[in-house]
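Subject: Structure handover

Hello,

Please find the structure below, followed by notes on what was found in it.

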Amino acid sequence: MSPFKIPVAAMAGVALLGASVPAAAQTPPDLRDLVGARAGQAEGEVQNRGYVFVRTQEGGNSKWSYWRRGGDCVQITTTDGRYAAIDRMDRNLCDGGGSHDNGSNAAAAVLAGAAVIGLAAALAHHNRNHDDRDERHDDDYSRGYQDALYGATYDRNDSEAYHDGYLAGESERSNRRASNTDHVRRAPWAAQQACSARADDFQNRPRGSSAPISVREEGGDWRMVMGTGPYRSVCVVSADGRVRSIDPY
């Protein structure tokens, strides 16, 4: 039995910003059980069911992400950290909106998968500095991290571990939003990939932990500020991915 058999949340009144919903929008049967689920848990389940992340946009307290599987396109509305709605959409809405090339879509897919890596790296780093870690501590930290990453309201009655996780999740959310901007996506994909890998090594984090959050072209090379959780570094790289240098920010 799927772990995501959660009653559908009463969120039908959520407004859909920046997307046209077909008059007969329907939730795909294979995703229906994820409506109402925590986004931090359900995102991996969407990927496990064969969907590939395309792009995302935000407005107010909601986020809209687009996923495709073959010729199918779905829009997932996330509100207060939970999947409020999952709707089948017109296929052209999963073509990157006409403004993103393959490299940009690949970058977005990497960001979608980075949540799991980011959590694991942040938790490992946190636990190296705390002697009171246990299963309950790790669960609270993970819940705080995911709540912040997916925009859920901070739980003021929770534990110190939850608080620490929430702060780490806010850092990761900020990094992901910056990396998903057109400003950063204009940098060559090979250069972004090379600096991400070098920043991971520089900060001693697992592969996929780092992402460019600001870029600038300099005489044929690119200068990128890299975000690795709350840490920053500066990577200078050629357009074809040869890293010239990396230094603390």
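Asp 30 is partly exposed, with a relative accessible area of 26%; here buried stands for under 20% relative accessible area, exposed for over 50%, and partly exposed for what lies in between (1.4 Å probe, protein chains only). Its side chain meets that of Arg 69 in a salt bridge, at 2.9 Å from N to O. By salt bridge I mean a side-chain nitrogen of Lys or Arg within 4 Å of a carboxyl oxygen of Asp or Glu. Arg 69 lies in strand β2 (residues 62-69) and Asp 30 in the segment before α1 (39-48), so the pair ties together parts of the chain that are 39 residues apart in sequence. Helices (H or I, at least four residues) and strands (E, at least two) are DSSP runs, numbered from the N terminus. Arg 69 is likewise partly exposed, at 29% relative accessibility.

Before the rest, two remarks on the source. This is a predicted model, in which local features need pLDDT of at least 70 and side-chain atom pairs count only at pLDDT 80 or more, while totals for chains, interfaces and linings use all residues. Residues are numbered from 1 along each chain as its sequence is written, and side-chain values use heavy atoms, with hydrogens and water left out.

Salt bridges

The structure holds ten salt bridges. Besides the pair above, one of them joins Asp 33 to Arg 49, with the closest N and O atoms 2.8 Å apart. This pair links distant parts of the chain, since Asp 33 sits in the segment before α1 and Arg 49 in the loop between α1 and β1 (52-59), 16 residues apart. Both Asp 33 and Arg 49 are buried.

Another salt bridge is formed by Arg 143 and Asp 158, whose closest N and O atoms are 2.6 Å apart. Arg 143 belongs to helix α3 (residues 135-149) and Asp 158 to the loop between α3 and α4 (160-179), so the pair ties together parts that are 15 residues apart in sequence. Arg 143 is partly exposed at 26% relative accessibility, and Asp 158 is partly exposed at 23%. Through shared partners, salt bridges join Arg 136, Asp 140, Arg 143 and Asp 158 into one network.

Disulfides

A search of the whole structure finds two disulfides, a disulfide being a pair of cysteine sulfur atoms within 2.5 Å. With the bonded cysteines of the protein chain numbered in sequence order, the pairing reads 1-2, 3-4.

Cys 73 is joined to Cys 94, at an S to S distance of 2.1 Å. The link of Cys 73 and Cys 94 is right-handed, with 75 degrees about the S-S bond. It connects distant parts of the chain: Cys 73 is in strand β3 (residues 72-79) and Cys 94 in the loop between β4 (82-88) and α2 (102-128), 21 residues apart. Cys 73 is buried, with a relative accessible area of 1%, and Cys 94 counts as buried at 2%.

The sulfur atoms of Cys 195 and Cys 235 lie 2.0 Å apart in a disulfide. This link is left-handed, with -75 degrees about the S-S bond. Cys 195 is in helix α6 (residues 189-202) and Cys 235 in strand β7 (residues 231-238), distant parts of the chain that are 40 residues apart. Cys 195 is buried at 0% relative accessibility, and Cys 235 is buried with a relative accessible area of 0%.

Backbone

Asp 80, a residue other than glycine, has a positive phi near 55 degrees. Asp 80 is found in the loop between β3 and β4 and is partly exposed at 37% relative accessibility. Asn 204 also has a positive phi, near 55 degrees. Asn 204 is in the loop between α6 and β5 (211-218) and is exposed, with a relative accessible area of 64%.

Confidence

The mean pLDDT of the protein chain is 77, and 78% of its residues reach 70 or more; pLDDT is the predictor's confidence in each residue, from 0 to 100. Over residues 1-24 the pLDDT is below 50, and this stretch has 42 contacts in the model beyond near neighbours in sequence. A contact means heavy atoms within 4.5 Å. Residues 97-113 also stay under 50, with 28 contacts beyond four places in sequence. Where pLDDT is low, the predicted coordinates should not be read in detail.

Regards
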